[in-house]
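Please keep the sequence and the structure in view while reading.

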Amino acid sequence: LYGCHGVSPLTLIVVERCATSHHYYPIGVYTPLALTVTRFRTFIYGTARGVDLWVAEIVLDLRANGAAIRLICASPYRGFEVRWSQDWQERYRRVMKQADLVRFICPSYSRDCFQRRNEWMVDHAARVIAVYNGESGGTRNTVAYAKRNGVPVVNVLLKSNSDIFIK
C-alpha cells in the first residue's frame with residue numbers, strides 16, 4: 001500500500017484484483033496515509049497473499065532505495081505457503097529471506113494459528129493499518145482485537161474503484 005518505485009513512499013496505491021488471474025493491478029494513486037505513516041519505520045507482514053504480500057514487497061523496495069525501514073514477517077506456521085501457486089511461493093520466500101526478522105507463531109497448523117498470528121502482530125504493533133470492508137473474517141477479528149487492546153486502527157476502506165477514505 002505504501003510507495004512504489006518512482007512514487008513517493010507515502011503514497012497509497014489502490015489496486016483491483018483480477019477475477020481470473022487473481023493478480024492485483026493499480027487503479028489509483030492517493031496520499032491520504034502520509035501523516036499516518038511518517039512516524040513509523042517498522043512494518044509487520046502477516047504473510048498472506050494479496051495486499052499483505054504486496055505491501056511487504058514495497059517495504060523491501062523502499063529499504064533497497066535507502067529508506068530506514070524494517071520488515072518483520074509473522075507467519076502462522078512453517079510451510080504455510082506450500083499449497084500456493086509457484087509464483088506466490090517464490091514471492092513469499094523472497095520476502096521472508098529479505099526480512100529483518102521472521103517469526104513462526106505456531107509450531108504447526110492448528111485451528112487457531114491464524115488468529116494467534118494476528119494477535120501476535122497486534123501485540124507488537126503501535127498502530128494497525130487495515131484494508132477492511134466490514135465483512136467477517138480474519139481482518140475483522142484483528143481490528144476488533146486491536147480496538148479491545150487499545151491499539152489504534154487506521155481503516156482504509158475501499159468503497160469503489162475510485163473512492164477511498166480513512167475511518
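Lysine 147 has a relative accessibility of 57%, and because exposed means over 50%, this residue counts as exposed. Lysine 147 belongs to helix α5. Along the chain, lysine 147 and valine 128 are 19 residues apart, and their C-alpha atoms are separated by 9.5 Å. The model in which these values were computed is a predicted one.

From this residue one may turn to the chain as a whole. Its secondary structure comprises five helices and nine strands. In sequence order these elements give the pattern β-β-β-α-β-α-β-α-β-α-β-α-β-β. Of the 167 residues in the chain, 39% are buried.

The next subject is a sheet. Strands of a sheet pair through backbone hydrogen bonds, in either a parallel or an antiparallel manner. Here three strands form an open sheet in the order β4-β5-β6, and their pairing is parallel. Strands β4 (42-45) and β6 (101-104) are the edge strands, each pairing on one side only. On average, and with direction ignored, neighbouring strands of this sheet are turned by 15° against each other. Between β4 and strand β5 (residues 70-75), which run parallel, there are four bridges. Isoleucine 44 stands opposite isoleucine 72 of β5.

Helices pack on this sheet. Helix α3 (residues 86-98) touches β4, β5 and β6, and its direction makes about 125° with that of β5. Helix α4 also lies across β4, β5 and β6, and runs at about 155° to β5. Which residues of α4 are buried? They are Cys113, Arg117, Asn118, Trp120, Met121 and Val122. These buried residues pack against β4, β5, β6, β7 (128-131) and α5.

The helices also pack against one another. Two packed helices are described by the angle between their axes and by the distance between the axes. For helix α4 (residues 113-123) and helix α5 (residues 138-148), the axes come within 10 Å and cross at roughly 40°. That angle makes α4 oblique to α5. The crossing in which α4 passes α5 is right-handed. On the side of α4 the contact is made by Gln115, Asn118, Glu119, Val122 and Asp123, and on the side of α5 by Gly138, Asn141, Thr142, Tyr145 and Ala146. Sorted by class, this contact of α4 with α5 has three nonpolar, five polar and two charged residues.

A second pair consists of helix α2 (residues 51-64) and α3, which pack at an angle of about 45° with their axes 10 Å apart. This makes α2 oblique to α3. In this case α2 passes α3 in a left-handed crossing. Leu53, Ala56, Glu57, Leu60 and Arg63 of α2 meet Trp88, Arg91, Tyr92, Val95 and Gln98 of α3. By class, the contact of α2 with α3 has six nonpolar, one polar and three charged residues.

Terms used
Residues are numbered from 1 along each chain as its sequence is written. This is a predicted model: local features need pLDDT of at least 70, side-chain atom pairs count only at pLDDT 80 or more; totals for chains, interfaces and linings use all residues. Side-chain values use heavy atoms; hydrogens and water are left out. Axes are lines fitted to C-alpha atoms, for helices over the stretch in contact, and angles run from 0 to 180 degrees between N-to-C directions. Helices (H or I, at least four residues) and strands (E, at least two) are DSSP runs, numbered from the N terminus. Angles under 35 degrees count as roughly parallel, over 145 as roughly antiparallel, 65 to 115 as roughly perpendicular and the rest as oblique. A crossing is left-handed if the near helix is turned anticlockwise from the far one by less than a right angle, and right-handed if clockwise. Contact means heavy atoms within 4.5 Å. Ala, Val, Leu, Ile, Met, Phe, Trp, Tyr, Cys and Pro count as nonpolar, Asp, Glu, Lys and Arg as charged, and the others, Gly among them, as polar. Two strands pair if DSSP finds at least two bridges between them. Buried means under 20% relative accessible area, exposed over 50%, partly exposed in between (1.4 Å probe, protein chains only).
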